[in-house]
Amino acid sequence: MGEQPIFTTRAHVFQIDPSTKKNWVPASKQAVTVSYFYDVTRNSYRIISVDGAKVIINSTITPNMTFTKTSQKFGQWADSRANTVFGLGFSSEQHLTKFAEKFQEVKEAAKLARDKSQEKIETSSNHSQASSVNGTDDEKASHAGPADTHLKSENDKLKIALTQSAANVKKWEIELQTLRESNARLSTALQESAASVEQWKRQFSICRDENDRLRNKIDELEEQCSEINREKERNTQLKRRIEDLESELREKETELKDLRKQSEIIPQLMSECEYVSEKLEAAERDNQNLEDKVRSLKTDIEESKYRQRHLKVELKSFLEVLDGKIDDLHDFRRGLSKLGADS
């Protein structure tokens, strides 16, 4: 079945600075997936984390490893095979606790698997040694020479070493095949991650183009809103102008009504003017008659100084009154002429 994920979480990955062995160097720009994998074929456990197309953690767990909590959200462990120390920063203490508990559980499982493997090796070794001893006893029974016995013993040892070497070779072949399969899976995962990255890049480009289009649309809408506001301002000004014109129109209509009323009075004024003119003509005729009388009176005045003096005083008074009336009549006539001209 190969490797299978048995636990997955997310954390920020760090590695110890190889030069100072003190400072932490970020291995990921953001929180990434960190998973425990169990290899059924090898009966082993690994911690694997991939950031994009880069494998940032590939640590095989051994029984002598220890996961240490250094703070409420940070933990670390040393990997002698990778010659580094890995650090994980979690979003909460609960996630750190779960990861630490899983680390201890996997560590115990790895220790148990190692013990079982050693038991199998020791059992196989004891069985081989027993077979070798039995074979040596049979040979001793059939051969008595000490040199041949020594040679047979060395030959048996070589056979045992060869058998163990063949077993190790088989084991290494299996481990190599497992590593190849793991690398193939990792390569596939990397290719899928790279494809995902390309897809995300395309989607990002599409989103960026869409964002630019929306920004341009927003700019156009803002420009349209500005134009609408300007149009509203112009409409407001036009409304005020229309109201002013309507007010002026009402005033003009009022003036027109007044003029119409005045035009209705004009005929009456004309008749009055004609009446006054007639009066004026009559007054002029009277004035002519008075002038004739004055001339007659002047003639009579010559007859008597006393009468003349007396008549002069009366005539002077009368002339002054008459001149005032004449002036009044002339003023009234000029007023009528001016009123007729205005109409």
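Reader: What relative accessible area does R230 have, and how is such a value to be read?

Author: The general idea is a division into classes: buried means under 20% relative accessible area, exposed over 50%, and partly exposed in between, with a 1.4 Å probe and protein chains only. R230 has a relative accessible area of 37% and is therefore partly exposed. The model is predicted, so that local features need pLDDT of at least 70 and side-chain atom pairs count only at pLDDT 80 or more, while totals for chains, interfaces and linings use all residues. Residues are numbered from 1 along each chain as its sequence is written, and side-chain values use heavy atoms, with hydrogens and water left out.

Reader: With which residue does the side chain of R230 meet in a salt bridge at 2.6 Å?

Author: A salt bridge is a side-chain nitrogen of Lys or Arg within 4 Å of a carboxyl oxygen of Asp or Glu. Here the partner of R230 is E227, at 2.6 Å from N to O. E227 is partly exposed, at 35% relative accessibility.

Reader: How many salt bridges does the structure hold, and which residue pairs with E284?

Author: There are nine salt bridges in the structure. E284 pairs with R333, and their closest N and O atoms are 3.7 Å apart. This pair links distant parts of the chain, since R333 belongs to helix α3 (residues 305-342) and E284 to helix α2, 49 residues apart. Both partners are partly exposed: R333 has a relative accessible area of 43%, and E284 stands at 36%.

Reader: Which residue forms a salt bridge with D331?

Author: The partner is R334, with the closest N and O atoms 2.0 Å apart. R334 and D331 are three residues apart in helix α3, and therefore about one helical turn separates them. R334 is exposed at 52%, whereas D331 is partly exposed at 40%.

Reader: Which residues form the negative surface patch?

Author: Patches are made of residues with over 30% relative accessible area and no salt bridge; like charges are joined within 9 Å, and nonpolar side chains (Val, Leu, Ile, Met, Phe, Trp, Tyr) within 5 Å. Lys and Arg count as positive and Asp and Glu as negative, while His and the chain ends are not counted. The place of a charge is taken as NZ of Lys, CZ of Arg, CG of Asp or CD of Glu. The areas come from the Shrake-Rupley method with a 1.4 Å probe, and for residues only the protein chains shown count as cover. In this model the negative patch consists of E243, D244, E246, E248, E251, E255 and D258. E243 is part of helix α2.

Reader: In what order do the elements of the protein chain run?

Author: The chain has three helices and eight strands. From the N terminus on, the order is β-β-β-β-β-β-β-β-α-α-α. Of its 343 residues, 20% count as buried.

Reader: What is the phi of K21, and where does N43 lie?

Author: K21 is not a glycine, yet its phi is positive, about 60 degrees. K21 sits in the loop between β1 (3-16) and β2 (24-26) and is partly exposed at 49%. N43, in the loop between β3 (32-39) and β4 (44-51), also is not a glycine and has a positive phi of about 55 degrees. N43 is partly exposed, with a relative accessible area of 34%.

Terms used
Helices (H or I, at least four residues) and strands (E, at least two) are DSSP runs, numbered from the N terminus.
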